[in-house]
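Hello,

Here is the structure I said I would pass on. My notes on it follow below.

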Amino acid sequence: MKLPNGPQSPALVQMLQWIFRPMPFMEDCAQRYGDIFTLQLNPSIVFVSNPQALQQILTSDTKEFAAPSDWNTVFEPMLGKNSVITVSGEVHRRQRQLLMPPFHGDRMRTYGEVINKVTEEVISQWQIDKPFCVRSAMQIITMRVIMQAVFGLYEGPRAQELEEVLAVMLNETSPLRVVELYFPALRLDFGPKSSWGRFLRRKERVHQLLNEEIQERRDNPDPSRTDILSLLIAARDETGVAMTDEELRDELMTLLTAGHETTATALTWALYWIHKSPSVQEKLLKELDSLGDNPDTSSIFKSPYLNAVCCEALRIYPVGMLTFPRVVKTPVALCGHDLEPGTVVLGSIYLTHQREDLYPQHQEFKPERFLERQFSPYEFLPFGGGARRCIGMAFAQFEMKVVLAKILSSWELALVDHRDVRPQRRGLVTGPNRSIQMVVKKQHQLPSRTLESSTL
Ligand code: HEM
């Protein structure tokens with residue numbers, strides 16, 4: 001089968017480049033081979049960064065292409081076999097149908113109050129002139145938000161332990177862990193002190209805690225609850241079938257992990273760029289100020305410059321470098337290449353967002369580009385698209401805006417140093433290549449605001 005060109009180095013070398021320096025590797029290949037190239041990653045995978053080709057793939061990923069989970073096995077150790085990410089076909093469609101409602105439109109915006117309250121709790125601990133690690137602070141906020149959205153008001157020893165064990169598990173993003181995920185033969189349990197052994201024991205504990213919670217909820221049904229777990233327990237697909245305990249557990253694991261790590265990184269980048277670019281900061285503060293003393297979350301959500309800042313933060317260093325794999329079902333021509341059934345194709349979100357023809361001076365942080373031009377969903381796609389488009393897209397965008405508005409209205413912050421920070425692999429996603437430290441300068445000069453939530 002003739003595939004688009006790509007590097008000729010041995011597959012193992014390509015795999016190691018992919019694990020240790022995925023973004024520079026993709027950039028080198030795009031420079032040499034253009035919008036479409038093949039990497040030998042056992043199997044061969046075709047990388048695509050051309051918007052027309054992405055449109056072709058993502059609008060047809062149930063027809064000419066499929067979006068199976070066979071290539072998502074790298075997520076299985078963490079999320080299990082019943083996660084929406086690790087199932088395919090009809091089961092996948094059904095799981096999505098059950099999961100989508102709590103994250104959609106009006107419903108998810110009712111989480112505004114929770115997001116506001118959690119942010120307030122965390123930032124009220126900050127002290128003037130005391131540096132803090134932005135990512136850790138954002139991770140605490142997004143973890144508590146997703147825990148409360150998933151479980152409802154969630155306190156007590158089980159909640160605390162779950163939060164702690166999950167945070168430790170997710171912060172283990174060393175290259176060794178990535179190698180273990182990509183090479184199943186290296187997943188060796190040499191007891192609690194070994195890397196994989198530690199992972200397995202922590203996961204076991206998280207499963208126990210989640211199973212206890214599911215059991216308790218099933219034993220004490222309460223129709224007045226509106227948290228995501230209650231909605232999922234009550235949900236029935238079109239044939240009237242409910243989710244099993246294993247499905248519920250793996251889905252909870254998926255929402256808790258996918259739902260906080262990614263948003264925490266996006267918020268970290270947004271705060272970094274806002275404080276690295278004085279003119280951006282000034283414009284943003286002016287816009288927030290114009291919302292008045294007690295803006296509701298609806299006004300915050302609709303603020304154009306805040307929206308542009310969030311989009312640009314997700315554009316310049318997207319947290320997800322790639323879409324999940326799609327597989328060719330019927331012979332198809334993509335960017336002038338004939339691809340045969342079985343070919344695995346990945347949309348490179350990172351490369352698409354770096355295209356100079358779409359984003360002039362692409363290495364610069366310029367929120368204005370999102371005010372001057374409307375980008376298509378295949379030119380700007382931080383949440384992927386098609387059959388596997390991110391379920392938490394609306395939730396994450398809403399959370400980013402409410403958290404940023406709250407922080408910026410409350411405190412004047414500064415970066416501890418102005419050295420450049422670059423993205424690098426962080427487990428299966430990306431993140432800053434060093435800790436970004438900020439310091440609180442003073443309580444903000446803007447009128448102090450209590451953000452009020454509203455159901456839109
Ligand atoms: C800034 C934050 C986030 C980013 C950048 C992000 C990015 C992505 C991307 C790129 C995909 C793959 C889409 C594709 O293959 O076409 C994805 C899938 C997914 N995301 Fe997110 N995500 C974020 C937040 C969230 C949140 C808050 C949740 C849940 C609460 C979530 C849950 C999921 C799930 C369940 C999938 C798999 C969907 C499927 O397989 O059908 N994500 N996300």
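**Salt bridges, cores and the iron site**

The count of salt bridges comes to 31. Please bear in mind that this is a predicted model.

Three of these pairs are described here. Glu90 and Arg93 form a salt bridge, with their closest N and O atoms 2.8 Å apart. Both sit in helix H5 (residues 89-99), three residues from each other, so about one helical turn separates them. Arg93 is partly exposed, at 37% relative accessibility.

Arg205 and Glu161 also meet in a salt bridge, at 2.7 Å from N to O. This pair links distant parts of the chain, 44 residues apart: Arg205 belongs to helix H11 (residues 195-219) and Glu161 to helix H9 (residues 157-171). Arg205 is partly exposed at 28%, and Glu161 is partly exposed at 26%.

Lys442 is in strand S12 (residues 437-443) and Glu412 in strand S9 (residues 411-415), 30 residues apart. One network, joined by salt bridges that share partners, includes Arg158, Glu212, Arg217 and Asp227.

On the nonpolar side, the largest core has 104 residues, of which Trp126, Met138, Phe151, Leu162 and Leu256 touch the most other members. Helix H8 (residues 134-151) gives the most to this core, with 11 residues. A second, separate core has 20 residues, among them Met15, Trp18, Phe47 and Val327.

Lastly, the ligand's iron atom: Cys390 (SG) is its only protein donor, at 2.3 Å. Cys390 lies in the loop between helix H19 (369-372) and helix H20 (393-410).

Regards

Key: Residues are numbered from 1 along each chain as its sequence is written. This is a predicted model: local features need pLDDT of at least 70, side-chain atom pairs count only at pLDDT 80 or more; totals for chains, interfaces and linings use all residues. Side-chain values use heavy atoms; hydrogens and water are left out. A nonpolar core is a set of buried Ala, Val, Leu, Ile, Met, Phe, Trp, Tyr and Cys residues joined through side-chain atoms within 4.5 Å. Buried means under 20% relative accessible area, exposed over 50%, partly exposed in between (1.4 Å probe, protein chains only). Helices (H or I, at least four residues) and strands (E, at least two) are DSSP runs, numbered from the N terminus. Donors are N, O and S atoms within 2.8 Å of the metal (3.2 Å for Na, K and Ca); water is not among the atoms, so sites may look incomplete. A salt bridge is a side-chain nitrogen of Lys or Arg within 4 Å of a carboxyl oxygen of Asp or Glu.
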